[in-house]
Amino acid sequence: MRQLTLGMEPLGMEQGGLTLSSTTLRSPQVNSGSLTEMILTEGSAIQPMHLLPLLAQCSAQQRWLMWLSPEMPMNKHYLDSLGLQNSPVIHLDVCQDTQKTLIEKALEAANSHLIIEWQGKLEEAQRRDIEQRANLSGSHVIVIQRR
């Protein structure tokens, strides 16, 4: 696995049912956050829960790993199998009506990294808002949209 430094130019790639783009806001702060967007097609081998270990490696400081989705939460044995036995992980069930408020509160607390399974269409203004809040909080956010 290749490591990339923060502050890189936007990345776009498409492969095997997955479109990935990443934008990292540049700031002189050490704790600048980032927004990464993924589009998963039906039948994709990548599932959102597989991204939790990636988020766990995003910072030297220990933060909560939050997974916001309409899915059922994972069990403890599965988290252990991902190597997350010592990482604080929380799953919150969201719907289209509550996701924006939950994201705002989580990023305002500035103590977690997030995986968000976005419900509905992500508007450009919402994208910019999440990106700004992530940068200010030092949080790394992965927004997943399904097609």
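**Entry 1: ground rules.** I am working from a predicted model, where local features need pLDDT of at least 70, side-chain atom pairs count only at pLDDT 80 or more, and totals for chains, interfaces and linings use all residues. Residues are numbered from 1 along each chain as its sequence is written, and side-chain values use heavy atoms, with hydrogens and water left out.

**Entry 2: cores.** I looked up the largest nonpolar core and found 15 residues. Such a core is a set of buried Ala, Val, Leu, Ile, Met, Phe, Trp, Tyr and Cys residues joined through side-chain atoms within 4.5 Å. Buried means under 20% relative accessible area, exposed over 50%, and partly exposed in between (1.4 Å probe, protein chains only). L114, I116, I130 and V141 have the most contacts inside this core. At least two of its residues come from each of β4 (64-69), α3 (99-109), β6 (112-117), α4 (124-137) and β7 (140-146). Helices (H or I, at least four residues) and strands (E, at least two) are DSSP runs, numbered from the N terminus. The largest share, three residues, is from α3. I also noted a second, separate core of 13 residues, with L52, L84, I115 and I142 among them.

I then checked I130. Not counting residues up to four places away in sequence, I130 touches L35, I103, L107, W118, L122 and V141. Contact here means heavy atoms within 4.5 Å.

**Entry 3: E117.** I found E117 in strand β6. E117 counts as buried, at 4% relative accessibility. Its side chain makes a polar contact with the side chain of R146 at 3.3 Å. For that I need a pair of N or O atoms within 3.5 Å; within protein, one must be able to donate a hydrogen and the other to accept it, and residues adjacent in sequence count only if both atoms are side-chain atoms.

**Entry 4: salt bridges.** I looked up the total and got seven. The criterion is a side-chain nitrogen of Lys or Arg within 4 Å of a carboxyl oxygen of Asp or Glu.

- R127 pairs with E37, closest N and O atoms 2.8 Å apart. R127 lies in helix α4 and E37 in strand β3 (residues 34-40), 90 residues apart. R127 is buried at 18%, and E37 is buried at 15%.
- E104 and K100 form a salt bridge at 2.4 Å, N to O. About one helical turn separates them, because they are four residues apart in helix α3. E104 is buried at 19%, while K100 is partly exposed at 42%.

Last, I noted a network of salt bridges linking E37, E124, R127 and R128.
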